[in-house]
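Reader: I have a structure open and would like to talk through its packing with you. Could you put it up so that we look at the same thing?

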Amino acid sequence: MTAWNGLFVIETKDDDGRVYGSEQAEQWKLCTGEAERPFSNPVRQNESHLGGLRQVLGDQPYIPIVAFVGDADLNVTAEHAAIAGCYELISTIHACSEVKLTSEQVQALAARLTPVKDGEQ
C-alpha cells in the first residue's frame, strides 16, 4: 500500500490463539488450547517481501507490518516491524504520521507496482 508516509508492506496471518515469538527467532509458536504448533517467523517473511520490492523499486521509505487478522493474543517482540492485531492495524498505520513522499512520488510508486502485482516487470 503506498501512502504519503511510505510504502506499507503488510504480512497477514489468520491465526487464533496465543502467539509467541521474536524478530530474531526462526520460528514462532501458536498455542490453541492444549495444542501447540510452530510457524515461520512472519517478520522474516515480510523481510523477504521487502527484498523483492527493493530489487524493483530501490530504496524507499518501507514500513513493514505483520497483521494478525484472527483472534490472536500476541506475545511477540519486534524492533524493525510493527506487529498488530486486526483491531490495531488502522491505528498502527495512522501512527506512521511522518510525511516522506510527495503526491507525485506516491503516484509514481503505485504506477510501478501495478505491473509487478500483475506478474510483469
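Reader: Which residues does Leu7 touch, not counting residues up to four places away in sequence?
Author: Bearing in mind that this is a predicted model, Leu7 touches Met1, Thr2, Leu53, Leu57, Pro61, Tyr62, Ile63 and Leu113 when residues up to four places away in sequence are not counted.

Reader: And which residues make up the largest nonpolar core?
Author: That core has 10 residues in all, namely Leu7, Val9, Leu50, Leu53, Leu57, Tyr62, Leu101, Val106, Leu109 and Leu113. At least two residues of this core come from each of strand S2 (6–13), H1 and helix H3 (103–117). Another core, of nine residues, lies apart from it, with Leu30, Val43, Phe68 and Ala81 among them.

Reader: Switching to H1, which of its residues are buried?
Author: Pro42, Val43, Asn46, Leu50, Leu53 and Leu57 are buried in H1. Because they cover an arc of only 90 degrees around the axis, they sit on the same side of H1, while Ser48 and Gln55 are exposed on the other side.

Reader: How far apart are the end C-alpha atoms of that helix, and what span should its 16 residues give?
Author: The end C-alpha atoms of H1 (residues 42–57) are 22 Å apart, and this agrees with the 22 Å that 16 residues should span at 1.5 Å a residue.

Reader: What about its two ends?
Author: At the start of H1, a side-chain oxygen of Asn41 comes to within 2.8 Å of the backbone nitrogen of Val43, and just after H1, Gly58 adopts a positive phi of about 75 degrees.

How values were computed
Residues numbered from 1 in each chain as written. Predicted model: local features only at pLDDT ≥ 70, side-chain atom pairs only at ≥ 80, totals over all residues. Heavy atoms only, no water. Helix = DSSP H or I, 4+ residues; strand = E, 2+ residues; numbered from the N terminus. Expected span 1.5 Å × (residues − 1). Buried < 20%, exposed > 50% of the residue type's maximum accessible area, 1.4 Å probe, protein only. Arc of directions from axis to C-beta. Polar contact = N/O pair within 3.5 Å; in protein donor to acceptor, adjacent residues only side chain to side chain. Core = buried A, V, L, I, M, F, W, Y, C linked by side-chain atoms within 4.5 Å. Contact = heavy atoms within 4.5 Å.
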